[in-house]
Amino acid sequence: MSDDQVAFDRRDFLKLVGIGVAGVTAGCAKPPAEKLIPYLVAPEDILPGVPYFYASTCRECPAGCGLIVRTREGRAIKLEGNPAHPLNEGGLCARGQAGLQGLYDPDRIKTPLVKEGAGWKAVTWDEAVALVGGKIAAAKNRTTLLTGLETGSMRALAGELGSSVGAKHVMWEPFGFEALRAANRATFGIDAVPRLDVGAARCLVAFGADLLETLLSPVSQARGFAAMRAQRDDGGGHFVTVEPRLSSTGANADEWVAAKSGTEFAVALGMANVIVNEGLGPAAAERAALKGALADWTPEKVAALTDVPAETLTRLARLFAQRSPSLAVAGGIATQGTNGTALAAAVNVLNHVAGNTGRTVRFDRVLDVSGLATFAQFSVELASMAAGNCDVLLVHGANPAYAAPDWAPVKDAFLKVPFKVALSTARDETTELCDVILPISHPLESFGDAWSARGVYALQQPAMKKLPMFDSRSLGDVLIAVGKAGGGGKSWPDSYHDYLQGRWKALHARFGKGRDFETFWTESLQAGGVFEDVPATAVRWTGTPSFAASERFGPGEYALLLTPSNNFYDGRGANRPWLQELPDMTSKTVWGSWAEIHPETAQKLGVKQGEPLRVETSAGNVEVPAYIYGGIRKDTVAIALGQGHTSYGRYAKGRGVNAVRLLPKSMDEAAGAVAYQGANAKLSRGTAAMELYVQQAEKDQHDRHIAQIVPLAALLGGKAAAGHSGGGEAGAGEEEAPSAAHYPAGEGVHDVHESMTRPGKYTEPKARPEGWKPPAHAITAFEPKLKGRHPGDDPVNVGSYPGAKHRWAMTVDLNSCTGCAACVVACNAENNIPIVGPDLVRRGREMQWIRIDRFEEKVAPGANDVRFVPMMCQHCGDAPCEMVCPVYATYHSPEGLNAQVYNRCVGTRYCSNNCPYKVRAFNWFDYSAPEKTTFAFPEPLNWQLNPDVTVRSKGVMEKCTMCIQRILEGKGNAKDESRAVRDGEIQTACAQSCPTRAITFGDLADPESAVHEKSFGERRYWVFEELYTKPGVTYLQKVTRDTAGGEA
Amino acid sequence: MSQTLTPPAPRAAAPVHDDPEKRPITQASLNDDVLKLISPPGKIWWAAFIFDLAVLAVALGAVRNLIVHGWGVSGFFRPVMWAVDITNFVFWVGIAHCGTLVSAVLFLFRSHFRRAVYRVAEAMTVFGVLTAAMFPAIHTGRPWFDYWLFPYPNQRGIWTNVRSPLEWDVFAVNTYLTVSSIFFLVGLIPDVAAVRDRAKHPLMKFIYTLLSFGWTGANYQWKHFYGAYLFFAALATPLVFSVHSVVSWDFAMAQVPGWHSTLFAPYFVAGAIFSGVAMVINLLIPIRKAFKLEHIVTLDHMEKLAKLVLLTSTMVGYSYLTEFFMAWFGPNKAEADLFWFRATGYLWPAFWTMFSCNVIFPLLLWFKGFRRNMTAMFILCLFVNVGMWFERFVIIVTSLNRAFNPANWFHYTISITEIALIVGSFAWFFMFFLVFVRVLPAFSIAEIKETLPVPRRGNGGHR
Amino acid sequence: MIGTIQKLLFPPPPKFYGVMGIYYFVDDAAKAVTALRQAGHKRLQVFSPVPHHDIVAALDEGPSIVRWVTFVGGFLGCTGGFALCWYTIYTWPMVIGGKELFSIPPFTILGYESMILAAGLSNLLGMLALARLPEIRPAAPYDPRFQEDRIGIWVPCLPSESAPVEQAMRGHGAEEVQVHA
Amino acid sequence: MTKLLAAVIVCITLAAASVALSQSFNVRLGDTKGPVQPINFSHKIHAGTNQMDCKYCHYGAANSQWANIPAVSTCMGCHKFVLTDRPEIVKLTGYADRGEQIPWEKVHYLPDHVKFNHKRHVRAGFACQECHGPVQDMDRVYQFSSLKMGWCVGCHRKNLTNPNFPATMDCLVCHH
């Protein structure tokens, strides 16, 4: 019996019992007699109540990171990064984790549908396949298969389908990296996007590149970013961002160069010019040629064009050249404009003259985007369809009706094509235009592979049996069935699984290492695929394109900037409630669109925060709530893409606006890409009544020292403890006396008692003899201490019980935190956090246990200081919340946790009032009762609920538990092997998911643990230390670089 | 010996006088005057009572929503997890305090003006506590588990957290409710006996007999009655101060800026007496006018109450100023921010209503003419009560709204539900009070009689 | 129904034997009390709307002992309060906010409130018991005027002895004398 | 009349007392017969007479937080051959052949919002009978213990200082 058969049996066992147990447990009435349904056939090595893990691949964006799917009772309940995967190395972004909600989307298509007049008729698969096959057979080579980026076997299968039934395969992505590829073709003669070795860079300049959000492979870049920021030697790891609007990637930068929208390329050229003229950087062979090409991009000229002072350019150029290897990155919206290719090429030039090509700009493990149609090619296809050259259109994984601008002939094409088939999981705008809908299984339900990057052969395996309520089939099987029905006389394998194995036979030949195929296949499934190290393709300079600034066009005096959303990418994430309720990291808004304008602009227009703003271009106009943001140029207005769906399920439909509709017809001709940037817009006060759903209204920390920084100079100067009190003077570089230690006594703050000046001073374990073991009953015996207790008496556990064995604790490194909010989604998934909707979030009633507080000390061109603080329950040693609870619903656990017992909670809410961090969430409504309108887990979303975590009912307080269920699981495993808990064995959901490893969890009582080392590190501090709560969560100060060049 | 003097016939008609203030009182006429309140009520009373019940019904609807849908129907959010609920609680507890103070403390001090007013004040106390006690009960997220707040033996073997200020509240408020009710009912015994003797309907007679414990006025009854009454007063007096101190510690024990202050206990007690006396005045003025009892509750009595208001007003004002001074003088940035926000933030109307009603307007009481002008006094005391409600609102909402972490500062907007709660609490209170006025002697016959001249043959029939 | 319960709780007064004198003037009544007590009628009872000092003096009784009941109750309440606090923590000690497990200040508050509560209740019970309340079987014939302005002196005695008592009462200015024989 | 009054008072007192009793002490309300099962399976025969180990069928008890209900296949493992002609076994075979699952009636009711981990208790060496009672003598299984918190805590208190497997009284262990 082949392994996958076993896998299948495993996956469908105890589904029903699983639900019965995991079902929402609210109320306390004794239930009526229940039926227990055992498996019919018990899989010998599988048990209910035990989690099982399957390696797979994430398909939420072209990057294709590796997944580990955690399943319980045959249901996938959480997605985590695959540590073995070379791209994401264990981390996983918010969008990737929310893929789970695509699987459990309540609005998924239930059965094959055929359009009848205005409505849809449900048909059987056989009918549907026969119908489609017949049409394809009749179409005779006039069939088109339109998909998103597909790699590996799926692309091959599409090709074979084309050859057999004459279907043309077109792959299109709204953000297709056209400019990058065009520029690389021009300068390096290679049609690829490079891999950015951010970690190795000692100076990073991002030209509009959202490399921590959507560009290329955000997770691996974030990992590299953390490594770069960890550099210490004379101020390495300097980060400058060049963009008209401070993106949430740019928020992490030390310096913001606010170039005019569309002129970023000139900045790059100006820097290159300085480097070449001053003879900085390595002497490359083509320096002479470049010198000529760069001659007329003098800093002065550039300054005039870009509104960036010449001296800034010169300074940055010198810095960039000195800090070799440095890295300049083009990407994001800046490369999606009329000057996109110019920017990409200019950045190539800059990197080249600074000698970064081949060092930080590498062409080894590059994403496979070859064969991806540019928008120009796509338009040609559409045009030919519109011309009636296509009879059958199969669409999968692409949503042109939503993502393509109006002037692209999508509608015409779809109207003209007589027979359109949607192979889709959810009903999106494009699906609505089709004649037949075939429900496709979610990637987590089906086999497949993704060779998303060179040397990466990732496998995608079903983590569970197909959901019973959706009669779906995997894409591969459908294509094969269609191919069979479509004639063409090709002999197809029985299933896509067979096809896949057939293809992997070839890999077996290469990587088999003598194992038989079954073994190879099984091990590949377990590892998540096969990964090989690939040498970097040597690239040579093939020529410098000529640069010319193209002017902005269209009526209006404001530059329109449409940015891909960190939460929704191009809009495909919009039907995931987790992402909808995940605050955007720039505006901290949820569940809708907003337009960012500069305060002065707002004043000029007479628009206040949240008031309607009318944005008008030659193509159309929208009204969105205004968000007043200092981090944007006065002459620019920015709207995030991804919202404004007219279909795509209850969570996406009718939220915000789809700003793509604003795009006038314009393209980056050189690359053949849509110009999301370059158009002008008119702004005026809107009329429609609308709401801006802000989750964090106040972005000034009022000198409360919540997010602290320390200048790198201070660290290097050995004055490590001299933290920065923030509050305006951030980055200015002055330091408090070390005596003030790690709570800098800023103005208006309590003078800190000496005893408070070291975190964990009282949590420091005493030196213990070899082989010391705590008394067996220590943890458990609640011996009342009869003598007066000073916190210092208790070596391990502040405010806790005699001789406790563990003190679970956490550190958060603000220097690594990029505010990507992956931890928030991870927590949502792990702890059954209900989604409450926009109105409650706006009123401060969101339920998330961890949130990313964004504090803006300085958002203006020049030195930039934006701080992200992941804020969760601090598990204080002396917790203010505990002493006020009248019923012991919250108390201090023997292991240092601040416990919250839901069923004891009466709901006085006193604890939340007394919590300085305000991290306790109250169940204002009944989110767990299916009969209530406020029910947060409509079927089948409740299949995702973690059976180890209670689903809280109305009227109880809840908060971060430091994933107590994981702690118990880990301790249980240790007990089973009769050993102590290993450091790092237990990971909270947030710590596990963090792409930059900013969060460390562990046992403070273990002197060898990583968390212990960090908790006593030089950058440590506690939030609100003057309150003497002695938290279990220690923060590490963010390190700021001196923006005057960073020479320490 | 001379038999010249003859006692007046029983039930002699009460003497009359053209100035209501100066109408003389005899022992018999006192019974008539007081007991005439206990009679089938007229149209006005019924109108008021029906209206009151209607309002109460609406409020109960709101409470039903709170319990069925959860507290989400209110305007609360993080960080303002308490607002109108606890505001009402503290307000009514404060109202309740004046009653026991007037009856117990003034009893110990043997100040005679109390005898005319203390029955109304005590009724107000009992009904005030009854109103106040409702709010901690319904303000919880799961009111059906409120009994967990009481330490009762259970199979789980878990108890309440005696170290929580909220638990102190449970003990303090329940003790206060019990003791003040006993005090009230015991004081009623001799007067109810008088009512009993006049009751016609057998049911009424029966009920009053129960309430009067079959009181006959025998010497041994009087002896132990006053023996015990003294101790009730002696127990209730410290209780008054302890209870409101405990209530204030609900806030003072927390570290929320604006709550965390050692000033709170005396500050709250003064405020309680302040609002309580004002409420007594608001209740007495209509009663003495409507039932023509100006000769029993005289202007002098009212003026003494007014002076009490003036005194406590200055104490409250002093507390306000101290708070601001400490915020300005102390090193705590959060507290300084908070108090600046109180006076100038988006909740400034609440703060300035409080300040003007509690500190500025009462300054008028320095004028004797004002103190003796019942209309003016009535209006002023209304203002004082509004001001005192807003004091609690300001303390609770503004402090929570600007707590330590700025990341979740939002604006609080009051909801219909909460307004219903406020109005409903008054309806609930007056439901009791309206009934009380018509079924129980609203003035202490026995104690007032003690102040009357005792008929002696020895000195020509009079003292 | 009401009638039944009334009968159940308040049986009809028994037949009394004795003399009841009604007074208006307090000094008369006081003198009468003195005289009668000298005449050996120690078990006489005085009914009045308010207690009068000279009558109390004439009766010549000590102070009420209810205070001792109150004291005992208060003492037990206080100990009970502290005991409860101690037991709740002893039986399941949970550390909260790093505070002392057995912390005296909160104990004091609860002990104090319990003391007041118990003292109040015992004070009430003591009073009712000593004053023989509720008085279900009246110890003497009752007259509503006692609640208004008249004072009654009741001397229980056999019909044979009633004559001198009645005479003594009238002698001290009784407004009216009823002989129950 | 008096009698009526007395009767009422007595009734009220009794009701209050019973409620107080169930709340204050660890008494089990419920029958000792147990529900009628679709197949009249007798633990007395299997675990008692035949001395079968509980964990032979309920193998999950030692390895998972939940003790599993044995699958039909587990039963058929023996009863394909053993006593195949008995009416109850015929029923069983019927289920197996039809590929149906046996709708066993739930016997043990744990209160809501509490997590009980079988594995930890079994591996700590507790016999199944300590909680489930003399199952080997039960023809029809019923809930032996009250499974109320007081009952759990009582046992945990006893084992606080158990040298090998110290129990804990930390609320979080069961309530999370």
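1. Confidence in chain A. The mean pLDDT of chain A is 81, and 86% of its residues reach 70 or more. Where pLDDT is low, the predicted coordinates should not be read in detail.

2. Overall make-up of chain A. The chain contains 30 helices and 41 strands, and of its 1048 residues 69% are buried. Among contacts in chain A with a separation of 6 or more, 73% are between residues 24 or more positions apart. The accessible surface of chain A comes to about 31,300 Å², and carbon and sulfur atoms contribute 54% of that area.

3. Helix α6 of chain A. This helix covers residues 152–165, and its 14 residues reach 20 Å from the first C-alpha to the last, close to the 20 Å expected at 1.5 Å a residue. The helix is mostly covered, with eleven of its 14 residues buried; among them are A:M154, A:R155, A:L157, A:L161 and A:V165. The cover over these buried residues includes α5 (125–139), β7 (143–147), β8 (167–171), β18 (448–450), α18 (475–485) and α19 (496–511) of chain A. After the helix comes A:G166, whose phi is positive, near 65°.

4. A salt bridge at helix α5 of chain A. The structure holds 77 salt bridges over all chains. In one of them A:R473 pairs with A:D126, the closest N and O atoms being 3.9 Å apart. Because A:R473 lies in the loop between β19 (456–460) and α18 of chain A while A:D126 lies in helix α5 of chain A, the pair ties together parts that are 347 residues apart in sequence. A:R473 counts as partly exposed at 29% relative accessibility, whereas A:D126 is exposed, with a relative accessible area of 58%.

5. Two further salt bridges in chain A. The side chains of A:D364 and A:R195 meet at 2.9 Å, N to O, and this pair links distant parts of the chain, with A:D364 in the loop between β14 (361–362) and α14 (375–386) and A:R195 in strand β9, 169 residues apart. A:D364 is buried at 6% relative accessibility, while A:R195 is partly exposed at 28%. A:D813 forms a salt bridge with A:R1019, with the closest N and O atoms 3.0 Å apart; A:D813 lies in strand β30 and A:R1019 in the loop between α30 (1010–1015) and β39 (1020–1021) of chain A, so the pair ties together parts 206 residues apart in sequence. Both partners are buried, A:D813 at 11% relative accessibility and A:R1019 at 10%.

6. Chain B. Salt bridges that share partners join B:D300, B:E303, B:K368, B:R371 and B:R372 into one network. A nonpolar surface patch of about 780 Å² is made by eight residues, including B:F361, B:W366 and B:F383. B:F361 lies in the loop between α11 (348–360) and α12 (368–371) of chain B and counts as partly exposed at 33% relative accessibility.

7. Chain C. C:S162 lies in helix α6 (residues 162–171) of chain C and is buried, with a relative accessible area of 10%. Leaving aside residues up to four places away in sequence, C:S162 touches C:V19, C:C157 and C:V179.

How values were computed:
Residues numbered from 1 in each chain as written. Chains lettered and ligands numbered in written order. Predicted model: local features only at pLDDT ≥ 70, side-chain atom pairs only at ≥ 80, totals over all residues. Heavy atoms only, no water. pLDDT = per-residue confidence, 0-100. Helix = DSSP H or I, 4+ residues; strand = E, 2+ residues; numbered from the N terminus. Expected span 1.5 Å × (residues − 1). Buried < 20%, exposed > 50% of the residue type's maximum accessible area, 1.4 Å probe, protein only. Contact = heavy atoms within 4.5 Å. Areas by Shrake-Rupley, 256 points an atom, 1.4 Å probe, with all protein chains shown as cover. Patch = residues over 30% accessible without salt bridge, like charges linked within 9 Å, V, L, I, M, F, W, Y side chains within 5 Å. Salt bridge = Lys/Arg side-chain N within 4 Å of Asp/Glu carboxyl O.
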